[in-house]
Amino acid sequence: MANIVAIVGRPNVGKSTLFNRLTESRKAIVDDFSGVTRDRHYEVADWIGKKFTVIDTGGFVHGSDDVFEEAIRDQVHIAIEEASVIIFMVDVTTGITDLDDEIADLLRRTSKPVYVVANKVDHAKLHHDSAEFYAFGLGEIYNVSSATGSGTGELLDAVVSNFPDEEEEDETPLPKVAIVGRPNVGKSSMTNALLGVDRNIVTDVAGTTRDSIRIHYNQFGHEFLMIDTAGLRRKSKVSEDIEFYSVMRTIKALEDSDVVVLMLDANDGIEGQDINIFHLAEKNKKGVLIVVNKWDTIEKDNKTMKEFEARIKEKIAPFTDVPIIFTSVTEKQRIFRVVEKAMEIFQNKTKKIPTSKLNEVMLEIIENYPPPSIKGKYIKIKYATQLPGRSPMFAFFCNLPQYIKEPYRRFVENKLREHFDFNGVPIQVFFRQK
Ligand code: GDP
Ligand code: GDP
């Protein structure tokens with residue numbers, strides 16, 4: 001199940017300000033590590049323990065006024081089809097405009113939850129001004145000030161009430177693999193080559209409402225479900241809408257999968273959008289495999305692959321324990337490696353390290369390199385265990401967990417990777433009071 005919250009509304013009402021507020025804690029972390037500026041219009045957010053992806057639709061609109069009015073209308077359509085919850089933002093300082101009315105018209109036709117948010121309610125005295133928005137006929141008005149954060153808690157309480165408490169267990173024990181990537185990198189070609197059939201389906205703008213399609217793969221000793229994004233295409237005059245739509249589909253497929261195959265075109269390398277998807281996969285605790293396709297089109301010598309790999313790793317740091325495969329779908333080069341590797345990653349993601357083995361290996365390492373003492377206090381790690389969960393999580397029990405800093409956590413993570421093979425898998429390491 002994908003929990004996607006789309007923020008829609010005309011320009012300048014404050015969509016990106018709200019987006020930044022809802023995702024700010026995570027943004028800071030990501031930006032510290034990756035040296036590249038990324039277009040960040042979607043990001044994982046977290047409220048009272050419930051995780052969801054927020055999309056700022058405004059980030060997908062550029063260009064002249066008439067283009068963007070059309071783009072905005074199209075995006076509201078896409079948001080209605082693809083998002084789980086819609087936040088419709090308006091500006092209390094300007095009141096209702098024609099475009100607001102048009103958007104409201106579209107939103108009245110959906111049965112999905114829509115929250116009308118009156119933004120820029122910076123002072124209590126503006127509260128009653130927002131009453132005019134009841135005219136939309138879309139129910140309650142949430143008064144917020146995205147700039148200060150006031151009112152956003154109430155809004156989030158309402159938004160997350162739509163999401164289940166616990167991620168319900170999936171009915172299938174089979175690995176789920178999604179091939180994602182920008183348009184034209186070769187996703188459909190790869191899917192077709194693996195399945196041995198052509199499954200190009202083109203849908204019109206009106207589109208069919210379908211969640212990601214699962215294709216059963218059972219060949220050459222491997223069985224899994226392919227989460228298909230490649231088969232569905234949307235025609236539109238507006239390129240931003242194609243991008244927006246493809247991002248929506250990608251997020252859904254990603255959330256529905258165990259292993260994400262991030263496909264790149266060797267001619268373009270890894271770019272902002274790819275890195276964004278990579279981090280989304282990492283934050284959602286998905287296995288990741290990077291596939292550099294169209295390798296046949298690259299002029300190369302015996303160093304090219306290594307250089308390519310180094311450049312990618314630099315950009316995906318700090319999570320670099322990720323396999324990279326160079327393929328050519330047209331020349332059927334290393335295609336089957338993709339399947340094998342994806343299955344290995346699934347094994348790595350789901351394996352359980354016996355507690356005795358874990359302690360035997362890790363306690364010796366920790367003894368030789370204990371966490372640095374702080375203010376004369378010695379930190380003693382006594383015991384480690386893998387926690388139950390859908391991705392690897394480890395707890396290390398100690399006397400003063402609050403004194404263990406990020407570099408040491410990273411050291412422990414690296415040692416776990418070195419000794420137990422978690423290639424392609426995000427792992428979590430916690431220090432807890434024993
Ligand atoms: P978007 O085009 O809808 O994404 O709007 P932006 O987030 O870029 O905001 C447009 C302008 O409104 C910017 O100048 C923001 O600083 C301002 N703004 C956003 N939220 C608030 C708010 O809560 N109060 C006030 N006074 N200004 C805000
Ligand atoms: P998608 O949009 O990611 O699904 O990409 P497609 O599978 O539709 O491929 C886009 C274009 O790239 C098509 O013309 C493919 O024939 C071509 N293509 C796909 N894989 C390769 C490859 O490995 N090498 C070369 N040279 N072209 C490829």
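Hi everyone, let's start in the middle of this protein. Its largest nonpolar core has 110 residues, and Phe 88, Val 261 and Leu 262 are the ones with the most contacts inside it. Helix α6, residues 239–256, gives the most to this core, with seven residues. Please keep in mind that we are looking at a predicted model.

Let's stay with Phe 88 for a moment. Which residues does Phe 88 contact, leaving aside its neighbours within four places in sequence? Among them are Val 8, Gly 9, Ile 103, Leu 107 and Leu 138. The run Val 114, Tyr 115, Val 116 and Val 117 is also in contact with Phe 88.

Now let's step back to the whole chain. The protein has eleven helices and 17 strands. Of its 434 residues, 42% count as buried. If you take the contacts with a separation of 6 or more, 74% of them are between residues 24 or more positions apart.

Next, please find strand β13, residues 287–293. Why is β13 described as largely enclosed by the rest of the structure? Seven of its seven residues are buried, so the strand is largely enclosed. You can check this one face at a time. On one side sit Gly 287, Leu 289, Val 291 and Asn 293, and on the other Val 288, Ile 290 and Val 292, all of them buried.

Who are the partners of β13? Strand β12, residues 259–265, runs parallel to β13 and is joined to it by seven bridges. One pair to look for is Leu 264 with its bridge partner in β13, Val 292. Strand β14, residues 324–326, also pairs with β13 in the parallel sense, over three bridges. Here Ile 290 has Ile 324 of β14 as its bridge partner.

How does the chain connect these strands? Between β12 and β13 comes helix α7, residues 272–283, and the three make a right-handed β-α-β unit. Then β13, helix α8 (residues 304–316) and β14 make a right-handed β-α-β unit too.

Let's follow the chain on from β14. Is Val 329 buried or exposed? Val 329 has 25 C-beta neighbours inside 10 Å, and 20 or more is enough, so Val 329 counts as buried. Leaving aside neighbours within four places in sequence, Val 329 is in contact with Gly 186, Ser 189, Met 190, Ala 193, Asn 293 and Ile 335. Ala 193 is 136 residues from Val 329 along the chain, yet their C-alpha atoms are separated by 7.2 Å.

Val 329 also leads us to a ligand. Of the 16 residues around ligand 2, those that come nearest are Gly 186, Lys 187, Ser 188, Ser 189 and Val 329. Helix α5, residues 187–195, gives the most to this shell, with three residues. By class, the shell around ligand 2 holds four nonpolar, nine polar and three charged residues.

Finally, let's visit the other ligand. How many residues surround ligand 1? There are 15, and Gly 14, Lys 15, Ser 16, Thr 17 and Ala 147 are the closest. Helix α1, residues 15–33, gives the most to this shell, with three residues. The shell around ligand 1 divides into three nonpolar, nine polar and three charged residues.

Key: Residues are numbered from 1 along each chain as its sequence is written. Chains are lettered from A and ligands numbered from 1 in the order in which they are written. This is a predicted model: local features need pLDDT of at least 70, side-chain atom pairs count only at pLDDT 80 or more; totals for chains, interfaces and linings use all residues. Helices (H or I, at least four residues) and strands (E, at least two) are DSSP runs, numbered from the N terminus. A residue is buried if 20 or more other C-beta atoms lie within 10 Å of its own, exposed if 12 or fewer, and partly exposed in between; C-beta atoms are placed from the backbone. Two residues are in contact if their C-beta atoms, placed from the backbone, lie within 7 Å. A residue is near a molecule or strand if its C-beta atom, placed from the backbone, lies within 6 Å of it. Ala, Val, Leu, Ile, Met, Phe, Trp, Tyr, Cys and Pro count as nonpolar, Asp, Glu, Lys and Arg as charged, and the others, Gly among them, as polar. Two strands pair if DSSP finds at least two bridges between them. A crossover is right-handed if, with the strands pointing away from the viewer, the path from the first strand over the helix to the second runs clockwise. A nonpolar core is a set of buried Ala, Val, Leu, Ile, Met, Phe, Trp, Tyr and Cys residues joined through C-beta atoms within 7 Å.
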